[in-house]
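This briefing is meant for someone meeting the structure for the first time. Please look through the sequence and the model, and then read the notes on charged pairs and backbone angles that follow.

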Amino acid sequence: MTGDLPLVTIGMPVRNGGALFREALASVVAQDYPNLEIIISDNASTDETSDIVQEFQGRDARIRYVRQPELLDIFENFMFVLRESRGEFFAWAAHDDTRSINYVSQLLTAFSRPETVLAFGVLNIRNAPSGPVVKKSYDFDNANLAPLERMKKQGFQQCYQMYGLWRSSVLKSIRWAYTPWWIDLPLLVTAAGLGTFKFVPGAEFNYLEILKTDEQRASYHDILQASPKVVNVLRLLRATFLTAFRNLPPHRAAAAFLIVVAREGRDFGGWLSRRVVRLYRSEKVA
């Protein structure tokens, strides 16, 4: 402990992070909040990731480095740093994202109310590693909403705030079922049923958004050959059902599941109609 400041853990799961990892780690080490624990889980990298960590470790004793002997899927690597954390608060840090130096200290100000489970700040997007940072309008705050409204709001938006600051006791209590398709959605919809998400304007998060198809994203998450969209949707619904019913009262769990069903029904209907139109056009050309 540093005085009376609560311990905050930042968990960095990484595989072959390269130069982007150096930049991301530098933004974590530079935080103006002193009582940090930094856990890096190196997922059997084959590049210079280990050398970069050792370089930073030589200057910062707060870094704990674990090299995984065998390749894990991304979910397991993310869960590893969470399980190993000791902090009262916790944040994931991806190998290719950065944050303002006051990120942790500002987000901590949101936790004066016990119902707050997650705090996140201003979202900036980069579409290329050396590209410009563009502020994105992103309304995720649900602090003034009832539980069902909070879950509905989360169910129909992105999940950037996963990289915010969590109340560790709540996050660790969530029995989170894995899916490579929208891996973070079951967690966040369920968390919205447990507590509130708070926007903190003073903290800035810079997210590297590399465009991928949904199938490519699912394959990247579990290091498997991409599955058909129907299979991925079913896996998401299963994970949402399990996560929600393991952690929420039955009526909220049912609502969380139905919200994701409605979301995917809308998206899947559009995907199916586009496939039909494509098939029709190819038949006409033939």
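R62 is partly exposed, with a relative accessible area of 23%, where partly exposed means a value between the two limits of buried (under 20% relative accessible area) and exposed (over 50%), computed with a 1.4 Å probe on protein chains only. R62 pairs with D60 in a salt bridge whose closest N and O atoms are 2.7 Å apart, and D60, at 10% relative accessibility, counts as buried. This is a predicted model, in which local features need pLDDT of at least 70 and side-chain atom pairs count only at pLDDT 80 or more, while totals for chains, interfaces and linings use all residues. Residues are numbered from 1 along each chain as its sequence is written, and side-chain values use heavy atoms, with hydrogens and water left out.

**Salt bridges**

- A search of the whole structure finds eleven salt bridges, a salt bridge being a side-chain nitrogen of Lys or Arg within 4 Å of a carboxyl oxygen of Asp or Glu.
- E37 and R86 form one of these pairs through their side chains, with an N to O distance of 2.8 Å.
- Because E37 lies in strand β2 (residues 36-42) and R86 in the loop between α3 (74-84) and β4 (89-92), the pair ties together parts that are 49 residues apart in sequence; helices (H or I, at least four residues) and strands (E, at least two) are DSSP runs, numbered from the N terminus.

**Backbone angles**

- Most residues other than glycine have a negative phi.
- N16, which is not a glycine, has a positive phi near 50 degrees; N16 sits in the loop between β1 (8-14) and α1 (18-29) and is partly exposed, with a relative accessible area of 29%.
- W182 is also a residue other than glycine with a positive phi, of about 50 degrees; W182 belongs to the loop between α6 (168-173) and α7 (185-194), and at 22% relative accessibility W182 counts as partly exposed.
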